[in-house]
Amino acid sequence: EAVEQLSAARLEAAIPTLIAALGYNNPGAAVAAVEGLIEIGKPAVTPLIELLDGYNYGARAWAIRALAGIGDPRGLEMLLDAAKNDFSFSVRRGAARGLGTIAWEDLPPEQLQSAQTQVLETLLQVSQDHQWVVRYAAVTALQKLAIAVAISHTDWAMQIITHFDRQVESEDNLTVIARIWLAQRE
Amino acid sequence: MSLDVFAPDESSSSESLTIGQAIANLQGEDLGLRMYAAWWLGRFRVREPVAVSLLIQALEDEADRTEEGGYPLRRNAARALGKLGDRQAVLPLIQSLDCSDFYVREAAAQSLEMLGDPVCIPNLISLLKAGLQGNHLVPNQPDFSQPYDAILEALGTLGATVAVPLISLFLDHPIERIQYAAARAMYQLTQDVIYGERLVQALAGKDLQLRRSALADLGAIGYLPAAEAIAQTLAENSIKLIALKGLLEHQIYMSPSNELSEGAVRVMTLMDGLL
């Protein structure tokens with residue numbers, strides 16, 4: 001409850017306490033702390049990335065979720081790695097989703113192209129994940145990416161649309177198929 | 001199927017067993033290996049006739065006993081046979097409903113539900129009647145003597161409308177999980193929203209395990225009006241996503257191909273928010 005109150009306050013001064021709460025091994029506190037960190041947004045990004053260098057696994061998983069929720073491009077490396085490599089499907093799911101909600105306007109223009117290329121490649125790979133919910137999350141992120149690059153990189157948007165066409169044929173999970181249909185509508 | 005979701009990921013060691021070896025282990029001397037082979041054949045859906053017939057034989061195993069008299073090999077064989085989807089297993093599983101081991105009876109009821117053959121309905125009904133005395137639940141409560149939740153769920157899935165009057169009596173069972181199973185079956189058999197709403201109310205319960213159970217039930221019946229309540233339930237997102245997946249797939253089965261209903265879009269919007 002204390003964590004919930006701190007989160008509600010949205011104070012930057014609460015960041016260290018909220019980050020500490022990610023390591024308590026208490027899911028209720030961690031959920032509230034993640035929400036609080038997402039509300040605080042950008043000021044929480046650097047401390048979160050520092051936390052990711054050497055803390056216990058559980059805390060790392062929550063930190064990835066917070067970074068995904070904030071969408072700051074400084075968290076991109078972490079999200080790319082987690083979406084592909086994390087052993088927990090719920091972390092891969094959250095990271096894949098986060099790759100679709102990166103605030104691209106915050107990235108220096110000279111870095112934009114290479115960052116978006118990496119996200120596209122990673123998401124195409126993650127859309128083959130063996131867990132349906134990770135593939136579902138990848139579809140949501142690819143849909144967002146296609147919209148983000150629709151004007152700047154029409155070829156990438158086309159590539160995503162083609163990918164959806166193929167995936168919907170090979171996909172055996174009805175929920176993922178439905179989500180692709182929804183993405184194709186846009 | 002849903003159990004896989006709780007494991008981080010399947011370790012590769014379990015897959016390193018080959019089909020031939022699993023089948024050999026199932027006929028071997030080592031009781032531990034036999035039990036594991038039975039589980040493994042189900043887990044990896046080994047639909048080979050020899051696997052099916054060995055698992056059916058294993059339902060009558062006498063070698064593997066626990067101190068309390070349970071039959072671990074029979075339990076795993078019964079569970080595996082549901083996953084393999086071969087209807088040859090239906091009659092042997094019906095016989096397993098009379099096994100002295102509660103967990104064998106439970107596994108048999110669940111697997112009969114999965115196999116989907118209504119021929120077992122009378123047997124399930126007579127097992128359900130063990131919990132009844134005339135038009136009432138037996139006076140000795142809580143009554144744990146039969147796997148009522150598995151029986152009720154099977155009757156609902158198998159479309160046993162003839163059992164509706166009996167099933168409705170279990171709505172008042174003192175064990176909440178069994179009440180939910182009865183509500184789930186009643187909804188499937190009558191499509192009356194009163195039973196769906198009963199499960200929605202259960203989402204606000206105090207016990208996490210019971211909330212999870214109600215989430216699974218709502219997903220299984222695909223009760224669309226529960227969508228928002230599911231998304232807001234205090235439980236793991238992974239479990240809520242599976243419940244919503246049940247609602248979504250129900251919507252898709254109901255609508256013409258490639259048409260997304262308004263309900264389907266609503267459910268996906270909620271799912272996106274839980275990723």
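Which residue follows α5(A), and what is its phi? The residue is A:G71, and its phi is positive, near 80°.

## What you're looking at

This is a predicted model, where local features need pLDDT of at least 70, side-chain atom pairs count only at pLDDT 80 or more, and totals for chains, interfaces and linings use all residues. Residues are numbered from 1 along each chain as its sequence is written, chains are lettered from A and ligands numbered from 1 in the order in which they are written, and side-chain values use heavy atoms, with hydrogens and water left out.

## Helix α5 of chain A

Helices here are DSSP runs (H or I, at least four residues), just as strands are runs of E of at least two, all numbered from the N terminus. Helix α5 of chain A covers residues 57–70, and its 14 residues should span 20 Å at 1.5 Å a residue; the end C-alpha atoms are 20 Å apart, which agrees. (The expected span is 1.5 Å times one less than the number of residues.)

Quite a few names turn up on its buried list, including A:A59, A:I64, A:R65, A:L67 and A:I70. Buried means under 20% relative accessible area, exposed over 50%, and partly exposed in between, with a 1.4 Å probe and protein chains only. The buried residues of α5(A) pack against α3 (27–40), α4 (45–52), α6 (76–85) and α7 (89–99) of chain A, and also against α14 and α15 of chain B. Contact here means heavy atoms within 4.5 Å.

Side chains of opposite charge can pair when their charged atoms come close. A salt bridge puts a side-chain nitrogen of Lys or Arg within 4 Å of a carboxyl oxygen of Asp or Glu, and the structure holds 19 of them over all chains. One joins B:D61 to B:R34, with the closest N and O atoms 2.6 Å apart. This pair links distant parts of the chain, 27 residues apart: B:D61 sits in the loop between α3 (49–58) and α4 (72–84) of chain B, and B:R34 in helix α2 (residues 31–43). B:D61 is buried at 8% relative accessible area, and B:R34 is buried at 12%.

Another salt bridge brings B:E228 and B:R266 together at 2.9 Å, N to O. Here B:E228 is in helix α13 (residues 227–232) and B:R266 in helix α15 (residues 262–274) of chain B, 38 residues apart. B:E228 is partly exposed at 30% relative accessibility, and B:R266 is partly exposed at 33%.
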